[in-house]
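Here is a short tour of one model, written to be read beside the sequence and the structure. Please keep both in view as you go.

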Amino acid sequence: MPRTPINALKATASQPQRNSLDRADDRDRLPGSVVVNLRETLLLWYGHFGRDLPWRQSRDPYAIWVSEIMLQQTQVKTVIPYYERWLTLFPTLSALAIAEQQQVLKAWEGLGYYARARNLHRAAQDIMLRHQGVFPASPADVMQLPGIGRTTAGGILSAAFDQPMAILDGNVKRVLTRLVALPVPPKRAIADLWQLSEALLDRQQPRDFNQAIMDLGATVCMPHQPLCSSCPWNGHCEAYNQGIQAELPMAETRAPLPHKSIGVAVIWNDQGQILIDRRRQEGLLGGLWEFPGGKVEPGETVEACIQREIREELGIEITVGDHLIVVDHAYSHFRVTLNVHHCRHVSGEPQAIECDEVRWVTLTDIDQYPFPKANVQIIEALRHGETSTDHH
DNA sequence: TACTCGTGGTT
DNA sequence: TAACCAAGAGT
């Protein structure tokens, strides 16, 4: 398949040696002098307008690693309180490695993409065993750790050790897409964008350069209404010159989100305890606890669904009682409606048939367990019901 | 390659 | 308000 020709992406600054056959393309490339100017103006801008973020005070690769993982697909404003709390709970790599997964997931609760937390935990244990507890400094070793891809490796190694490693996160993608007026959605030109990021990187100051280009994307070259008049790169920005900065990056096509209706059980026993289960490690919300339930089949009532699902998943008989709450929630690629009912345990010992573990807990103890957001809403509904009326 | 994987902010 | 998007990686 022919690659879309994007001549401006053929930056040459890092390849000063070229033969004469390449010369015909020179007018379409970013000349070395332009690259030098882009670096200088960006770093000057960064000195005035760069953000002061908690993890930038540190050179500890562990702390920087934690920040990089939390920042994947997650806004800075959301990350900051989680980051601060994490470093008090797990101040060192070895502290994280010896922690229980449940503690780790509890500290991550609400951040989403929970594989990040499971991988962070697992990688900490890998480093204890295979790297004597010292965070590796070689790109190959870093990229072998679970949860660390090329961008995160570059982010860590440049920030912690000032290594000349390029990055290509959402900010950089958007900035570069506009800089060269990329005529296709960024996903179609990942290799070219990486090449451009490599070519632009200031190898004398890779840490500052990477932080600077991310700040530019976050505070000036924003997704909507970019502040081009304040941009140190507007003189060389192809999108700005063409007046099409608001049209870029080109949108990716996206399928509409399917919807599922779910029956959920809050099962009480005679001791006033509630039955919860721990989801399997792999897949959605892996390792987190939840109230058991399942998908409402076509033509099935919510009550019948709950009774059936509990029999299939836990091997027990229940009666389905009062409706508690409806929770609408959107995940990345589908939406759910949780129809939650109070239920009463009738017979049978709960078995972990389609989950990793089941447990009876009190409303007091339940805080120790990590739950997905939609289930936290259920717990809050239980609390309110308990303090106001209380008849279960 | 295309799909999976959370949640909150913003428009 | 529904849709888009955010310091991406694993499979």
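## Glycine 293

Glycine 293 is buried, with a relative accessible area of 15%; buried means under 20%, exposed over 50% and partly exposed in between, with a 1.4 Å probe and protein chains only. The model is predicted, so local features need pLDDT of at least 70 and side-chain atom pairs count only at pLDDT 80 or more, while totals for chains, interfaces and linings use all residues. Residues are numbered from 1 along each chain as its sequence is written, chains are lettered from A and ligands numbered from 1 in the order in which they are written, and side-chain values use heavy atoms, with hydrogens and water left out.

Glycine 293 belongs to strand E4 (residues 293–295). Helices (H or I, at least four residues) and strands (E, at least two) are DSSP runs, numbered from the N terminus. Beyond its neighbours within four places in sequence, glycine 293 is in contact (heavy atoms within 4.5 Å) with Gly263, Val264, Glu309, Ile310 and Glu313.

## Glutamate 313 and the annotated site

Glutamate 313 sits in helix H13 (residues 302–314). Is glutamate 313 buried or exposed? Glutamate 313 is buried, at a relative accessible area of 14%. Not counting residues up to four places away in sequence, glutamate 313 touches Pro292, Gly293, Gln351, Ile353 and Glu354.

An unreviewed UniProt entry carries the annotation "binding site" for Gly293 and Glu313. They span 21 residues in sequence, yet no two of their C-alpha atoms are more than 8.1 Å apart, so they gather at one spot. UniProt positions follow the numbering used here, feature names are shortened, and annotations may be inferred rather than shown by experiment.

## Around DNA strand C

DNA strand C is surrounded by 26 residues, the closest being Leu71, Gln73, Gly147, Asp169 and Arg174; a residue is near a strand if one of its heavy atoms lies within 4 Å of it.

Which part of DNA strand C does a polar side-chain atom of tryptophan 55 approach? That atom lies 2.9 Å from a base nitrogen. Helix H8 (150–161), helix H9 (170–179) and helix H11 (206–219) are the elements that give two or more residues to the surface near DNA strand C.

Methods. Polar contact = N/O pair within 3.5 Å; in protein donor to acceptor, adjacent residues only side chain to side chain.
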